[in-house]
Amino acid sequence: MKLLLVGLIACCMSYTAYAQSFQNPVLDSGADPYSVFVDGYYYYTHTVGDHIMLWKTRNLANLREAESKIIWIPPQGTAYSKEIWAPEIHYINKAWYIYFAADDGDNNNHRMYALQNTSKDPFSDSWEFKGKVAAYPDRWAIDGNVFEFKNQLYMVWSGWEGDTNGQQNIYIAKMKNPWTLEGNRVLISQPTNIWEKQGDLDDANNPPHVNVNEGPQYLEHNGNLFVIFSANGCWTDYYSLGMLQFTGDDLLDPTGWEKHPKPLFVKSEDNGVYAPGHNSFFKSPDGKEDWILYHANANPGDGCGGKRSPRMQKIKWNKDGTPNLGIPVSENIKIKIPSQN
């Protein structure tokens, strides 16, 4: 009886330790991770490529056991049937929206698109294709992120200035409604620093070098506004995160955006984490902690393929109000789960 009791106690302690901590990565594969927290559940998605998949969980550290479902498969032969990248799920005015980039198999034709679901359950089969989301001029565009500021919706994204590949910039525009951009796009960031310009390619189908700002993500804390973006080619180990801070009065005034001179989040060879980037942010279930969700590789040279895996860790805030993202955590380190209600 005593041996049985000791065994039960050991089992429970082991379960508790597992339940209260986790180790990265939270899934074996999944680039461009994004989540939203609604009514006690996180709804999570990442790039799959040929469809959009959704996960549902109370704890993002438990994604491996989360309920999941393919919620949309594009019709074949359309402008948006191939290369579906960086989906994001949002809950706006009691409706669900998914934003994603896609093309017809030719990367030059990448544009952003929106789906809508007006039911309470985003796992329902009520997703409606709302069409292309584009500002003037309509150029190559990926990685749209939607946010609200002073009761106005905005989108930030990565795009080309013209019709040819060579450099990706960050643009912003107002939204007329959750699936329509309004007015002209406004350039708020382009690669200007050495740490943003590491993008040599060995690919006959692309330019020999591409400078990259992509994956912009809105972040607000105590009235301070930021856009955290990914710099350098994802095909390099130097993929990293940079920061824009809003210091003006009008989000559409480019002079109101100030770029931090150094990257905020870079590879850690000591911790075995390479090319950390294309992040998003979320709060713990009790709303007291801020966390970063990002993808990274476990080995140098793994590039932009399926070896990228989603990871998460808590962030802190500096005295000047800017985010402190820390250093990418080793896969060998146990991390306490986000604080619960």
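Predicted model: local features only at pLDDT ≥ 70, side-chain atom pairs only at ≥ 80, totals over all residues.
View 1. A polar atom of the Ser 268 side chain lies 3.1 Å from the backbone nitrogen of Asn 271. Leaving aside residues up to four places away in sequence, Ser 268 touches Val 273, Ile 327 and Pro 328.

**View 2. Asn 232, a buried residue with positive phi.** Asn 232 is not a glycine, yet its phi is positive, at about 75°. Find Asn 232 in the loop between strand E15 (224-231) and strand E16 (240-246). Its relative accessible area is 0%, so Asn 232 is buried.

**View 3. Lys 94, an exposed residue with positive phi.** Phi of Lys 94 is near 65°, a positive value in a residue other than glycine. Lys 94 belongs to the loop between strand E6 (82-92) and strand E7 (95-103). Relative accessibility is 69% for Lys 94, so the residue counts as exposed. The cut-off for exposed is over 50%.

**View 4. The cis peptide bond at Pro 25.** The bond from Asn 24 to Pro 25 is cis. Its omega is near -5°. Pro 25 is placed in the loop between strand E1 (21-22) and strand E2 (31-38).

**View 5. The cis peptide bond at Pro 137.** Tyr 136 is joined to Pro 137 by a cis peptide bond. Omega for this bond is near -5°. The loop that holds Pro 137 runs between E9 and strand E10 (141-149).

View 6. One cavity of 30 Å³ or more turns up in a search of the whole structure. The largest cavity contains about 70 Å³ of space. Its lining consists of 13 residues, and the closest to the centre are Ala 134, Ala 135, Arg 139, Ala 141 and Trp 157. Strand E8 (111-117), strand E9 (128-133) and strand E13 (180-189) are the elements that each give two or more residues to this lining. By class, eight lining residues are nonpolar and five are charged.

Notes:
Residues numbered from 1 in each chain as written. Heavy atoms only, no water. 1 Å grid on protein atoms, 1.4 Å probe; cavity = no way out; pocket = protein on both sides within 12 Å on 5 of 7 lines; lining within 4 Å. Points joined across faces, edges and corners; volume = space filled by probe spheres on them. Helix = DSSP H or I, 4+ residues; strand = E, 2+ residues; numbered from the N terminus. Nonpolar A, V, L, I, M, F, W, Y, C, P; charged D, E, K, R; others polar. Buried < 20%, exposed > 50% of the residue type's maximum accessible area, 1.4 Å probe, protein only. Polar contact = N/O pair within 3.5 Å; in protein donor to acceptor, adjacent residues only side chain to side chain. Contact = heavy atoms within 4.5 Å.
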